[in-house]
Amino acid sequence: MKQTDNLQKLTIAMPKGRIFEEAVGFLQEAGLQITSDLAESRKLIIPVPETNLQFILAKPTDVATYVEYGVADVGVVGKDVLLEEERDVYELLDLQIGYCRMMVAGLPGWKPTESPRVASKYPKIASRYFREQGQQVEVIKLNGSVELAPIIGLADRIVDIVSTGQTLRENGLIELEHICEITTRLIANRASYRMKSEAVDDIAQKFLQVIPRNQK
Ligand code: PRP
């Protein structure tokens, strides 16, 4: 096993929620000593002194913020968050886990209206997409359960991530337009990338060993 004693101490931001379990599995496969029972714990900072690592468990949408401000050196985060938050961080690796797609969805038989409204947890991604399409829409920011919006008449379409498609199906919605594919990424703080390059490289190298095994 490679000696990690001499490496600088690294703080890794991990996203709680949807991609947490898969991300923890990935880190374990990469040989990082992070335990699977983290999800049940309420602890938000988990030091692993043997490996000179410390994990912080953050809201997925906040991971890139912690990394940009340097309180975490690296982070594991969905591309959806990176596209929405536009944080100033280095995107080092596509971990090829957490596959899903960013979609426009709505009710079947949806027809354009004069003042179209789109609900989304991703207002920037939604606004950018419709602007690129040359369509004027009002984007309404929601914080979750976005599928409610077209059913209850708040908006005529939504922009959201779709994984299994179950949430859309169970709410009678269909995928209308594909915006982009989403996967989980390894990001780094710009200063940490320079000042702690050995430790950051060590993590990236360990992750690189796991990526081919996960390829679809
Ligand atoms: C996400 C997303 C969809 C759902 C898609 O929500 O916003 O609602 O998962 O997954 P599926 O295609 O497998 O059904 P999340 O579970 O993060 O909860 P939220 O709606 O409260 O944000």
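**Note on salt bridges and nonpolar packing**

1. Lys79 has a relative accessibility of 18% and therefore counts as buried. This holds for a predicted model. The side chain of Lys79 forms a salt bridge with that of Glu91, at 2.9 Å from N to O. Since Lys79 belongs to helix H3 (residues 79-85) and Glu91 to strand E5 (residues 90-94), the pair ties together parts twelve residues apart in sequence. Glu91 is partly exposed, at 34% relative accessible area.

2. A second pair is Lys124 and Glu86, whose closest N and O atoms are 3.6 Å apart. Lys124 sits in helix H4 (residues 123-132) and Glu86 in the loop between H3 and E5, so the pair links distant parts of the chain, 38 residues apart. Lys124 is partly exposed, at 38% relative accessibility.

3. Asp88 and Arg190 meet in a salt bridge of 2.6 Å, N to O. Asp88 is in the loop between H3 and E5, Arg190 in helix H7 (residues 190-195), and 102 residues separate them. Both are partly exposed: Asp88 at 43%, Arg190 at 30%. Elsewhere, shared partners join Lys79, Glu91, Asp94 and Arg185 into one salt-bridge network. The structure holds eleven salt bridges.

4. The largest nonpolar core has 32 residues; Met14, Leu27, Leu32, Phe55, Leu95 and Phe207 touch the most other members. Helix H8 contributes the most, seven residues. Contacts of Phe207 include Phe26, Val76 and Leu186. Another core, of 14 residues, lies apart and includes Val104 and Cys180.

5. Leu154 lies in the loop between helix H5 (148-152) and strand E9 (157-162).

How values were computed. Residues are numbered from 1 along each chain as its sequence is written. This is a predicted model: local features need pLDDT of at least 70, side-chain atom pairs count only at pLDDT 80 or more; totals for chains, interfaces and linings use all residues. Side-chain values use heavy atoms; hydrogens and water are left out. Helices (H or I, at least four residues) and strands (E, at least two) are DSSP runs, numbered from the N terminus. A nonpolar core is a set of buried Ala, Val, Leu, Ile, Met, Phe, Trp, Tyr and Cys residues joined through side-chain atoms within 4.5 Å. Buried means under 20% relative accessible area, exposed over 50%, partly exposed in between (1.4 Å probe, protein chains only). Contact means heavy atoms within 4.5 Å. A salt bridge is a side-chain nitrogen of Lys or Arg within 4 Å of a carboxyl oxygen of Asp or Glu. Lists of a residue's contacts leave out its neighbours within four places in sequence.
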